[in-house]
Amino acid sequence: MNFNLKQLEAFVWVADLGSFRKAADRLNTTQPNISFRISTLESVLDATLMERDAGSVRLTSKGLELLDHARKVLSTTDSFLEAANQETLLNGVLRLGVTEMIVHTWLRDFLKTLKERYPNVTVELTVDLSANLEKELFDRSIDLALQSGPFSRQTSGNAELGVFPLIWIASPETGLHKKTRVKLEDLVQFPVLTHSRGTAPYEAVANHFALRRDLPVRLVPSSNLAACIHMAIDGFGVATVPASMVTDELASGELSRIKYSWTPESLRFSARYDAEKSAQFVMKAAEIAAETSGRFASSFAAKGGVTN
């Protein structure tokens, strides 16, 4: 009876996810196939690695003893191919989670570079709020999160992706861009288009305007920043968004930057992953994300973009 890496891969994922069904989904195969790989591995080793009971899975003492060794074998295989400059032989699925800002700035360049280095790694993409991505990362629903802080939990793998300032923007039709110094009283004449409720930028904006309870502010939160930008273009309100998302609109004159003295704190992005359990190409993908973000930031600054 043969022993192979797919059996070890199935063993590790069932152990990590606690479910044959979830492991099958993660490895893009069927639950019977995962069961067959595990049972074959147990037969080869002449040992029971897992106990199944009413849909739950629990590692035996032998399974616990061998789990770290299985991880090391898979990691060493990846390292061997990297050392041999044969990254193209690596295959797998990278479940990637990103926020909307990255989608509208440097995600395309990142994916192109990743495909060049790892052509046989398939990317499954999730676009969501940073708080939701963090939950999915710790649920192991995704492997790598490119997201903004603050974070409620720390990860063992982390690559800094840089700082992205926010600015105030509005349609030229509002006339706000003509003012050398926009006051809070000027802003509240229009609906304030903001990030989604529960995000750090939304809380900052809400707290800022709450200082003047005598003024009738109308906050309009949205989970889709692109929609906020389009609404601002059409004159539905003023907005505070990452400067890097509106370079084209500012250049074309569809939007104007407003000279208001306060903005929410800049967004600090990180590539986050589990360094102890993830495949090596996940760590490499985080490094590629840092390289891509750095190139984007340099290009943005060279074009006169906001850097602080």
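**Rings, charges and backbone**

Reply: Let's start with a charge on a ring: R153 lies over the face of F138, with 3.8 Å to the ring centre. "Over" here requires NZ of Lys or CZ of Arg within 6 Å of the ring centre and within 35 degrees of the ring normal.

Me: Nice. Which charge lies over the face of F151?
Reply: That is R272, at 3.8 Å from the ring centre.

Me: Before I go on, what kind of model is this?
Reply: A predicted one: local features need pLDDT of at least 70 and side-chain atom pairs count only at pLDDT 80 or more, while totals for chains, interfaces and linings use all residues. Residues are numbered from 1 along each chain as its sequence is written, and side-chain values use heavy atoms, with hydrogens and water left out.

Me: Good. How many aromatic pairs are there?
Reply: The count is 6 aromatic pairs. Rings of Phe, Tyr and Trp (its six-membered ring) pair if their centres lie within 6.5 Å; planes under 30 degrees apart are stacked, over 60 edge-to-face, and the rest tilted.

Me: And what about W106 and F110?
Reply: Their ring centres are 6.4 Å apart and the planes meet at 85 degrees, so this pair is edge-to-face.

Me: Are those two buried or exposed?
Reply: W106 is buried, at 0% relative accessibility, and F110 is buried as well, also at 0%. Buried means under 20% relative accessible area, exposed over 50%, and partly exposed in between (1.4 Å probe, protein chains only).

Me: Which rings link into a cluster?
Reply: F164, F269, F296 and F300 are linked by ring pairs.

Me: Switching to the big picture: how many helices and strands does the chain have?
Reply: There are 12 helices and 12 strands. These are DSSP runs numbered from the N terminus, with helices being H or I of at least four residues and strands E of at least two. The C-alpha trace spans about 80 × 45 × 25 Å along its principal axes, and 46% of the 308 residues count as buried.

Me: What share of the contacts comes from residues 24 or more positions apart?
Reply: They account for 74% of the contacts with a separation of 6 or more, where a contact means heavy atoms within 4.5 Å.

Me: Now the backbone: which residues does a cis peptide bond join?
Reply: G149 and P150, with omega about 0 degrees. P150 is in the loop between strand 5 (144-148) and strand 6 (157-164). For background, most peptide bonds are trans, and most residues other than glycine have a negative phi.

Me: So what is the phi of N28?
Reply: Near 55 degrees, a positive value in a residue other than glycine. N28 lies in the loop between helix 2 (20-26) and helix 3 (31-45).

Me: And R140?
Reply: R140 has a positive phi of about 65 degrees although it is not a glycine. R140 lies in the loop between helix 7 (130-138) and strand 5, and it is buried, with a relative accessible area of 11%.
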